[in-house]
Amino acid sequence: MDFEGFFEKTLHAATADATYVMKSMKVAFYDAKPYDEEFFTRQNRSGELDFTFHAFRLNESTAITAQDNQAVCVFVNDNVNRACLELLSENGVRLVALRCAGFNNVDLDAAAELGISVTRVPAYSPHAVAEHAITLFLTLNRRIHRSYNRVRELNFSLNGLVGFDVYGKTVGIIGTGKIGKLTARIFRGFGTEVLAYDLYPDEKWAAEDGIRYASLEEIYAESDVISLHTPLTPETHHLIDEEELRSMKKAPCLINTSRGKLINTTALIQALKDKQLRGVALDVYEIEEGVFFEDLSHDVLHDDELARLLTFNNVLITSHQGFLTEEALSEIARVTCKNLIQLSAGKPFLEGTEVER
Ligand code: NAI
């Protein structure tokens with residue numbers, strides 16, 4: 001990492017005003033929402049960093065707006081490709097700080113070649129996502145989304161709102177990392193049997209929490225609820241497809257808070273039409289870009305599959321909000337600001353946060 005440019009500018013500024021106060025490091029935020037501004041501004045109480053918040057996304061057309069900034073702070077839908085990075089580099093940017101865990105939207109090879117560091121926040125609050133998965137499931141099972149709307153319309157009828165007792169049911173958890181384990185533990189609290197699957201089973205944890213690892217086939221055949229918690233990899237792309245949906249013998253509730261591409265949407269719609277599923281709750285969707293996180297209430301929805309999903313009364317969709325708790329947002333702001341301050345002080349980034357190709 002080359003900090004020379006930054007320090008030169010800093011020193012010049014300090015000498016010019018005959019003070020020895022270090023100039024704040026300038027950081028441009030993209031795709032910034034009001035909650036980003038709130039939590040990052042709160043974290044930067046001391047004013048060590050100088051933020052500019054842009055509502056638009058970063059890409060090669062907007063990269064010019066990063067001029068005079070030493071760092072950019074981006075989210076999942078900013079497109080930090082080679083052309084964008086070249087412009088950032090020409091304009092003096094030394095760091096791309098992702099305020100999320102995923103980094104598939106940054107060209108890491110190009111960043112390394114241009115000497116631009118890339119950092120992320122690998123874990124902020126697994127509780128936030130696990131609790132959201134449970135919230136989605138309970139809402140779906142007891143049809144709270146429907147009863148809320150009905151009562152507001154003075155429709156106090158209960159027809160079509162029958163759920164099931166969670167107690168005594170079988171839950172399948174696919175992916176037992178940080179979030180999957182917490183979700184499994186909460187489900188155990190309801191008095192369910194939990195079957196788990198992971199490429200790397202943690203038998204000690206399973207024994208302690210009374211959970212049993214099983215094959216995917218057994219999970220599909222035996223579960224009343226299935227919750228997905230694996231990352232998106234070539235192996236997990238369309239993990240749930242036509243064949244898997246057909247093998248779900250108990251018509252389960254399917255919950256996905258992980259990544260949209262784990263489920264083949266076309267196959268999911270067919271399974272819903274064929275009543276192979278009791279219900280589906282999604283916090284993530286195959287093609288989120290341009291839709292999730294945006295207010296399209298005055299616009300047209302161009303995605304016909306998403307539009308079809310929204311017609312099923314047993315489908316519940318939230319817009320990738322699993323992470324959206326005060327604790328998670330505070331942690332994202334804390335880790336990102338710490339890394340920005342480390343950069344300005346010429347010190348190493350926090351352990352485990354730098355993404356290298
Ligand atoms: P983690 O890395 O702690 O756990 C992932 C687990 O999946 C690991 O145990 C790993 O062995 C397992 N795994 C990987 N490939 C697998 C495969 N092919 N088959 C079975 N298991 C496999 O990750 P963490 O923190 O639990 O997050 C899980 C996912 O949740 C993330 O990948 C992310 O996509 C999603 N997420 C969603 C958020 C939201 O707002 N909805 C926020 C944060 C994360």
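Which residue has a polar side-chain atom 2.9 Å from a nitrogen atom of the ligand? The residue is D283, as described under the ligand heading below.

## Basis of the report

This is a predicted model, in which local features need pLDDT of at least 70, side-chain atom pairs count only at pLDDT 80 or more, and totals for chains, interfaces and linings use all residues. Residues are numbered from 1 along each chain as its sequence is written, and side-chain values use heavy atoms, with hydrogens and water left out.

## The ligand site

The ligand has 22 residues around it (a heavy atom within 4 Å). K178, I179, D198, T257 and D283 come nearest.

Polar contacts are pairs of N or O atoms within 3.5 Å. A backbone N or O atom of G177 is 3.4 Å from an oxygen atom of the ligand, while a polar backbone atom of L199 lies 3.4 Å from a ligand nitrogen atom. The protein buries 82% of the 860 Å² that the ligand exposes when taken alone (Shrake-Rupley method, 1.4 Å probe).

## The nonpolar cores

A nonpolar core joins buried Ala, Val, Leu, Ile, Met, Phe, Trp, Tyr and Cys residues through side-chain atoms within 4.5 Å; buried means under 20% relative accessible area (1.4 Å probe, protein chains only). The largest such core has 76 residues, and V72, L88, V96, L254 and L268 have the most contacts inside it. Helix α13 (residues 326-344) gives the most to this core, namely seven residues; helices are DSSP runs of H or I with at least four residues, numbered from the N terminus.

Leaving aside neighbours within four places in sequence, L254 is in contact (heavy atoms within 4.5 Å) with residues including I226, L228, I263 and L268. A second, separate core of 22 residues includes F137, I211, C253 and I255.

Key. Buried < 20%, exposed > 50% of the residue type's maximum accessible area, 1.4 Å probe, protein only. Helix = DSSP H or I, 4+ residues; strand = E, 2+ residues; numbered from the N terminus. Polar contact = N/O pair within 3.5 Å; in protein donor to acceptor, adjacent residues only side chain to side chain.
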